[in-house]
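Please examine the sequence and the model shown here before reading on.

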Amino acid sequence: MLEADRATGTGPSVVWFRDDLRLADHPALHEALVRGAPIVAVFVLDEESPGVRPLGGASRWWLHNSLRALTSSLADLGVPLVLRRGPAEAIITEVAAATAASAVYWNRRYGGAERDLDTRIKAELRNTGVAAHSFAGSLLFEPWTIQTGQGKPYSVFTPFWRACLAAPLPRDPYPAPTGLDAWPGDLPSDDLQAWTLEPTRPDWAEGLRATWRPGEASAHTRLAEFLQDRLPRYADDRDLPAEDATSGLSPHLRWGEISPYQVWHATRRASESLTGSAAKGAVRFLTELGWREFSYHVLFHAPNLASHNWKPDFDAFPWQPLDEQALHAWQQGRTGFALVDAGMRELWRTGTMHNRVRMVTASFLTKNLLIDWREGERWFWDTLVDADPASNPASWQWVAGSGADAAPYFRIFNPELQFAKFDPHQSYVRANVPEWGTDAYPTPIVDLGETRRAALAAYETVKAAK
Ligand code: FAD
């Protein structure tokens with residue numbers, strides 16, 4: 001009976017959820033529905049496939065909660081979310097075989113190891129007579145669709161984004177399904193709690209719980225509130241960490257609880273009634289989404305982005321031998337530089353950090369402490385709820401000078417001037433570093449002038465290697 005189902009193509013459709021933990025605007029789910037067969041929904045926690053980067057602690061916390069939300073929305077439509085842990089290749093082919101599926105559907109990922117894995121799975125499924133269909137769900141402009149006039153990848157953001165805006169505009173989002181036909185069989189599924197994605201001993205996630213509500217519904221609430229209250233002043237206030245001026249959508253986008261198509265079209269609609277600087281806010285906001293697209297463009301063409309300098313000249317950069325004490329002072333927000341410490345403590349407490357402060361803290365680590373950007377990237381990977389395989393390494397390399405479209409090396413952020421300019425009422429620093437300004441606050445661990453000169457001297461080595 002099962003074999004017959006498969007041969008005639010009437011078996012169920014497996015929808016493999018990955019970085020797209022939502023129901024609305026989910027092209028894979030949408031296409032599976034169009035096909036009309038019963039649905040099997042599956043998520044695989046893959047910590048074993050070669051090259052797939054293990055998730056950091058904050059990401060694991062987010063994933064746990066996001067999977068709970070997705071399980072509940074699927075259950076409302078009568079479909080169980082099957083949870084399995086292990087190498088995705090073995091599990092997806094096994095699920096397809098156990099359900100006698102005719103087809104497997106997923107939305108594409110863009111990291112090197114993930115693409116290799118998906119290619120292998122696609123081939124294996126097809127070999128066994130199961131169709132495999134993949135779709136664009138996480139990027140507005142897939143990396144290979146945007147090229148320079150010479151057919152090369154872009155390495156500078158502005159022409160990249162101009163080319164994107166000249167390309168066919170992103171399609172409209174697909175609606176959320178109102179009903180699903182569940183596959184009636186029974187598949188074993190893991191207990192989410194048993195995956196221990198949430199920390200217990202110690203439970204350091206209190207600040208994360210107080211700050212965030214993972215899941216598709218809350219992503220949409222956040223977008224709606226942002227568009228209504230903050231979009232008009234986004235261009236003016238987005239650089240001020242004390243203001244709640246940005247969208248806070250990054251972890252929701254990272255886990256695909258909302259798609260960039262939904263954000264793009266909702267922003268365009270909201271901007272229709274805006275003029276002057278408010279209208280600029282919408283353009284600026286969409287440009288930031290463009291930086292996300294650019295980071296993926298860079299990752300796609302440089303899959304080793306988290307471990308290798310994008311500019312090979314930087315292989316000659318004389319990073320200092322690792323000073324553990326300085327690294328710890330930075331991680332714990334005890335450098336004696338108020339804006340750096342405020343950012344690092346915000347990160348530890350809430351799993352996020354304002355973009356301006358990310359740039360300042362990253363510059364301080366790589367240029368004032370001359371610690372290799374990979375150390376900082378790893379710390380952010382572990383502690384950010386939005387830790388993203390493309391945006392995190394691309395941004396770190398951008399600050400360090402080794403990345404695509406990086407700022408000129410000599411533009412070294414001065415954390416004191418940045419503090420004066422972007423937190424003029426010291427509200428952000430006071431909120432995150434209560435003892436700032438008292439004797440209990442650490443004295444600066446380095447001299448800014450001296451370390452700036454040392455960084456510029458170190459950079460001479462890169463110039464000489466060119
Ligand atoms: P908004 O200002 O509301 O922007 C809207 C969306 O655009 C964001 O949600 C995000 O998806 C995207 N975006 C905004 N700025 C950038 C940017 N510079 N690069 C790429 N995408 C951007 N962003 C991540 O999503 N994950 C990371 O791991 C990450 N690591 C970073 C590390 C460093 C050292 C730096 C300097 C920046 C990093 N960023 C990262 C980019 C940026 O800081 C965050 O996307 C932003 O602070 C998220 O807040 P928001 O959602 O309120 O942003």
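The model is a predicted one: local features require pLDDT of at least 70, side-chain atom pairs count only at pLDDT 80 or more, and totals for chains, interfaces and linings use all residues. Residues are numbered from 1 along each chain as its sequence is written.

The domain assignment divides the protein into domain 1 (13–138), domain 2 (139–172 + 216–301) and domain 3 (312–463); such bounds come from an automatic or database domain assignment. The centres of domain 1 and domain 2, taken over C-alpha atoms, are 25 Å apart. Between these two domains, 17 residues of domain 1 are in contact with 15 residues of domain 2, where contact requires that the C-beta atoms, placed from the backbone, lie within 7 Å. On the side of domain 1 that touches domain 2, eight residues are nonpolar, five polar and four charged. In this classification Ala, Val, Leu, Ile, Met, Phe, Trp, Tyr, Cys and Pro count as nonpolar, Asp, Glu, Lys and Arg as charged, and the others, Gly among them, as polar.

Attention now turns to the sheet. Helices (H or I, at least four residues) and strands (E, at least two) are DSSP runs, numbered from the N terminus, and two strands pair if DSSP finds at least two bridges between them. Five strands form an open sheet with parallel pairing, in the order β3-β2-β1-β4-β5. Because β3 (81–85) and β5 (131–135) stand at the edges with a single partner strand each, one side of each is left without a neighbour in the sheet. From one strand to the next, the twist averages 25°. Strand β2 (residues 39–45) runs parallel to β3 and is joined to β3 by five bridges; Ala 41 stands opposite Leu 81 in β3. Helix α2 (residues 27–35) packs on the sheet, touching β1 (13–17), β2, β4 (103–107) and β5, and its direction makes about 150° with that of β4. Helix α4 (residues 88–98) also packs on the sheet, touching β1, β2, β3 and β4, with its direction at about 165° to that of β2. These angles run from 0 to 180 degrees between N-to-C directions, and the axes are lines fitted to C-alpha atoms, for helices over the stretch in contact.

Which residues are closest to the ligand? They are Thr 246, Ser 247, Asp 388, Asn 392 and Ser 395, among 27 residues that surround the ligand; a residue is counted if its C-beta atom, placed from the backbone, lies within 6 Å. The elements that give two or more residues to this shell are α10 (250–254), α12 (276–301), α15 (355–368) and α17 (391–400). By class, the shell has eleven nonpolar, nine polar and seven charged residues. Domain 2 and domain 3 both contribute residues to the shell, so the ligand lies between them.

An unreviewed UniProt entry lists "binding site" positions, including Tyr 234, Thr 246, Leu 249, Phe 285 and Asp 388. UniProt positions are given in the numbering used here, feature names are shortened, and annotations may be inferred rather than shown by experiment. The listed positions span 155 residues in sequence, and their farthest two C-alpha atoms are 22.8 Å apart, so they do not all gather at one spot.

Two backbone features remain. A cis peptide bond, with omega about 0°, joins Arg 201 and Pro 202. Leu 370 has a positive phi, near 50°, and is found in the loop between α15 and α16 (373–383).
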